[in-house]
Amino acid sequence: TIPRLMNVEGNVWNIYYEGFDEILPEKFKFEKRTRRPPENMVNCLISFANSLVYSTVLSEIYNTQLNPSVSFLHEPFERRFSLSLDLSEVFKPFLGDRTIFKLLNKGLIGEDHFRKDVNYCLLNDEGKRIFLRDFDERLKTTIKHRSLGRNVSYQRLVRLECYKLIKHLLGVQEYSAFRMWW
């Protein structure tokens with residue numbers, strides 16, 4: 001069932017996040033995922049990155065015939081583009097989390113790029129600019145596509161994923177989720 005699948009997905013994300021402390025510098029201990037509001041710097045970056053991935057996916061959905069409010073896993077709600085949530089799950093580690101790892105491990109974002117209060121932590125304006133610049137560079141990065149035989153940007157990979165979903169819905173080709181091959 002969909003609720004069971006979503007439960008499995010949540011458990012997989014929890015296991016995935018447990019590995020962050022092995023990758024990130026000591027001063028950026030993760031502990032656990034918290035949202036609304038994010039309680040520490042890593043959670044803040046994950047929430048910010050996820051919002052950028054959702055927006056990127058939604059933007060690419062709008063360039064296709066797909067309806068962003070019709071989804072497969074995430075529940076549709078008013079003013080929620082649940083298909084963007086479905087498709088972004090594939091790209092969050094690749095686009096968002098890798099941006100986080102780079103920025104923290106190379107010291108491009110530090111503790112001074114956050115606003116901390118008792119129950120929350122948010123990026124300040126300078127931190128947002130740094131993150132947005134690096135995220136945008138990541139979207140523009142190109143790789144040679146295996147089946148197309150030409151270079152495509154990471155952002156274009158998102159649209160190609162939308163096209164794969166359309167082909168599946170039309171019965172042309174069974175959907176197989178994006179996997180990095182490089």
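Is lysine 140 buried or exposed? Lysine 140 is exposed, with a relative accessible area of 57%, where exposed means over 50%, buried means under 20%, and partly exposed covers what lies in between, all for a 1.4 Å probe and protein chains only. The structure is a predicted model, in which local features need pLDDT of at least 70 and side-chain atom pairs count only at pLDDT 80 or more, while totals for chains, interfaces and linings use all residues. Residues are numbered from 1 along each chain as its sequence is written, and side-chain values use heavy atoms, with hydrogens and water left out.

Side chains of opposite charge can pair when their charged atoms come close. A salt bridge here is a side-chain nitrogen of Lys or Arg within 4 Å of a carboxyl oxygen of Asp or Glu, and by this rule the count comes to 7 salt bridges. One of them joins lysine 140 to aspartate 136, with the closest N and O atoms 3.0 Å apart. Both residues lie in helix α5 (residues 125-140), where they are 4 residues apart, about one turn of the helix; helices in this account are DSSP runs of H or I with at least four residues, numbered from the N terminus. Aspartate 136 is partly exposed, with a relative accessible area of 34%.

Another salt bridge is formed by the side chains of lysine 29 and glutamate 26, at 3.7 Å from N to O. Lysine 29 is partly exposed, at a relative accessible area of 30%, whereas glutamate 26 is exposed, at 61%.

A further pair has a buried setting. Arginine 159 forms a salt bridge with glutamate 60, and the closest N and O atoms are 2.6 Å apart. This pair links distant parts of the chain, with arginine 159 in helix α6 and glutamate 60 in helix α3 (residues 41-61), 99 residues apart. Arginine 159 is buried, with a relative accessible area of 17%, and glutamate 60 is buried too, with a relative accessible area of 4%. When residues up to four places away in sequence are not counted, glutamate 60 touches Gln155, Val158, Arg159 and Cys162, contact meaning heavy atoms within 4.5 Å.

From these side chains we can turn to the helices. Two packed helices are described by the angle between their axes and the distance between the axes. Here the axes are lines fitted to C-alpha atoms, for helices over the stretch in contact, and the angles run from 0 to 180 degrees between N-to-C directions. The axes of α3 and α5 come within 11 Å and cross at roughly 45°. α3 and α5 are therefore oblique to each other, given that angles under 35 degrees count as roughly parallel, over 145 as roughly antiparallel, 65 to 115 as roughly perpendicular and the rest as oblique. α3 passes α5 in a right-handed crossing, a term used when the near helix is turned clockwise from the far one by less than a right angle. The contact is made by Leu45, Phe48, Ala49, Leu52, Val53 and Thr56 of α3, together with Lys128, Phe131, Leu132, Phe135 and Leu139 of α5. These residues divide into 9 nonpolar, 1 polar and 1 charged, where Ala, Val, Leu, Ile, Met, Phe, Trp, Tyr, Cys and Pro count as nonpolar, Asp, Glu, Lys and Arg as charged, and the others, Gly among them, as polar.

Helix α6 has a packing partner in α4. The axes of helix α4 (residues 82-105) and helix α6 (residues 154-169) come within 11 Å and cross at roughly 140°, which makes α4 oblique to α6. The crossing of α4 and α6 is right-handed. On the α4 side, Leu83, Leu87, Phe91, Phe94 and Leu95 meet Tyr154, Leu157, Val158, Glu161, Cys162 and Leu165 in α6. The residues of this contact divide into 10 nonpolar, no polar and 1 charged.

Phenylalanine 91 is buried, with a relative accessible area of 1%. Leaving aside residues up to four places away in sequence, phenylalanine 91 touches Val53, Val57, Gly96, Leu157, Val158, Glu161 and Phe178. By contrast, phenylalanine 91 and isoleucine 109, 18 residues apart in sequence, are 22 Å apart in space, C-alpha to C-alpha.

Methods: Helix = DSSP H or I, 4+ residues; strand = E, 2+ residues; numbered from the N terminus.
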